[in-house]
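Trainee: I would like to learn how to read a model of this kind. Where do we begin?

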Amino acid sequence: MNSQTPIMPRRRFIAILGGGLIFAAGAGIGGFALTRTPHHALAAWDQAGQQSEPRRYALSYAILAPNPHNLQPWQVDLSEPDVVTVLVDPARRLPETDPFDRQLTIGLGCFLELMRIAASQQGYQLDITLFPQGSDNLMLASHPVARVRFVAARATADTLFDNILQRRSTKEAFDVLQDVSGDQIAMLNPTIAGVGFAGTRDTEQVSVLRELIWQAYQVEHKTPAKLQESIDVMRFGKAAINASPDGIDLGGMPLEAMMALGMLTKPSLATPGTIAYQTGLDMYQTMFAATPAFVWLTTPNNSREAQIAAGQAWLRLNLMTTQQGLALQPVSQCLQEYTEMEFHYQRVHELLAARGETVQMLGRLGYAPAAARTPRWSLDEKISIT
Ligand SMILES: Cc1cc2nc3c(=O)[nH]c(=O)nc-3n(C[C@H](O)[C@H](O)[C@H](O)COP(=O)(O)O)c2cc1C
């Protein structure tokens, strides 16, 4: 797929029209008509691998990592030769839905693993020291997340490299008629030390999990401060997406026409009773119902190191699903640590984890048409010190 491909599949678009409302929303779902593609916001995907300096080469891929609400919370310091110091941009936290930065840390684990895979392509091995100045379990402090030293010519190229540019978090209804086999799920084990992997295609278990993610989604949507946090990071239309290539991108025709007419606004998305608010809910119900299988990752504890390892595992899992032509979408609402979600948080842990373990990631798995790329800040904008 290239950037000319409309994000929203035609049949979905027509289905939405048939429902009486031309609308697409949610974490990264957008309908880009050909002329509305935000090329500037997508340029990082075309520029990956074009840098010759080894750290910049690896980082040009790492910035394509999956991460919560696509806020891209990473910053890097390149002032020390052969070393990348990875830092957090505290302005890119999501304190309402990720109060302890657990998901943010997982996103940084994805970033580190992508950096490692890309560096291996040039024969570099990475010596990664996590939290060289310590870490805080309540909030990632301004201390470095990792000191990464590039060691020349010792690594064998990681074959998952070939899937980096096609990897997506697929926010779509999956094809429920196309079965995912138990063998396929078993082959997706990312085998990262300290991270448990499991999955299911069992009809009964899948239906319990579908209901759980839907109930949890409604809690998020109906808790104003949590919903508002997502609305705040939405980028409405091509100009806004190009100006701020992050967050939840909503663009393309006819969405942008609706925005211009005032039919789709941030306040309408936040207000119960409006068509925009209700459609946001209905769309997720339909999407979650179309889920033939699930996968999840657990860790024995919830340390920062465990969260980074879960991110590394998730990234590998996502590259493996890409390799196999499968679609994967994280569904994180029931894993979030705030009072209103407590019931579903407990339930998902009873269902999927042993006592004391943490479910770090839960994902819908199935088949879906190829999804579009999401925006990224350029590498230069992520280098704080050169
Ligand atoms: C820790 C974590 C949690 C996420 N949770 C969700 C989620 O609940 N729902 C969802 O649709 N996407 C979720 N995502 C996916 C991000 O929205 C996605 O990575 C981001 O928008 C960039 O898109 P891409 O992965 O297709 O490049 C999550 C990603 C990470 C790393």
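Mentor: Begin with the elements: helices (H or I, at least four residues) and strands (E, at least two) are DSSP runs, numbered from the N terminus. Residues are numbered from 1 along each chain as its sequence is written. This is a predicted model, in which local features need pLDDT of at least 70 and side-chain atom pairs count only at pLDDT 80 or more, while totals for chains, interfaces and linings use all residues.

Trainee: Where is Gln 51 placed?

Mentor: Gln 51 sits in the loop between α2 (39-47) and α3 (54-62).

Trainee: Why does Gln 51 count as partly exposed?

Mentor: The general idea is a count of neighbours: a residue is buried if 20 or more other C-beta atoms lie within 10 Å of its own, exposed if 12 or fewer, and partly exposed in between, with C-beta atoms placed from the backbone. Gln 51 has 15 C-beta neighbours inside 10 Å, so it counts as partly exposed.

Trainee: Which residues is Gln 51 in contact with, leaving aside its neighbours within four places in sequence?

Mentor: Two residues are in contact if their C-beta atoms, placed from the backbone, lie within 7 Å. On that basis Gln 51 is in contact with Arg 56, Tyr 57 and Ser 60.

Trainee: What is the phi of Asp 82, and where is this residue found?

Mentor: Asp 82 is not a glycine, yet its phi is positive, about 65 degrees. It is found in the loop between β1 (74-77) and β2 (83-88). Asp 82 is partly exposed because it has 14 C-beta neighbours inside 10 Å.

Trainee: And what is the phi of Phe 131?

Mentor: Phe 131, a residue other than glycine, has a positive phi near 45 degrees. Its place is the loop between β3 (125-130) and β4 (146-151). With 19 other C-beta atoms within 10 Å, Phe 131 is partly exposed.

Trainee: How many residues surround the ligand?

Mentor: A residue is near a molecule or strand if its C-beta atom, placed from the backbone, lies within 6 Å of it. Here 20 residues surround the ligand, and the closest are Pro 66, Asn 70, Ser 169, Pro 330 and Ser 332. The elements giving two or more residues to this shell are α4 (102-121) and β9 (327-330). α4 gives the most, with 4 residues.

Trainee: How many helices and strands does the protein chain have?

Mentor: The protein chain has 14 helices and 11 strands. Buried residues make up 46% of its 386 residues.
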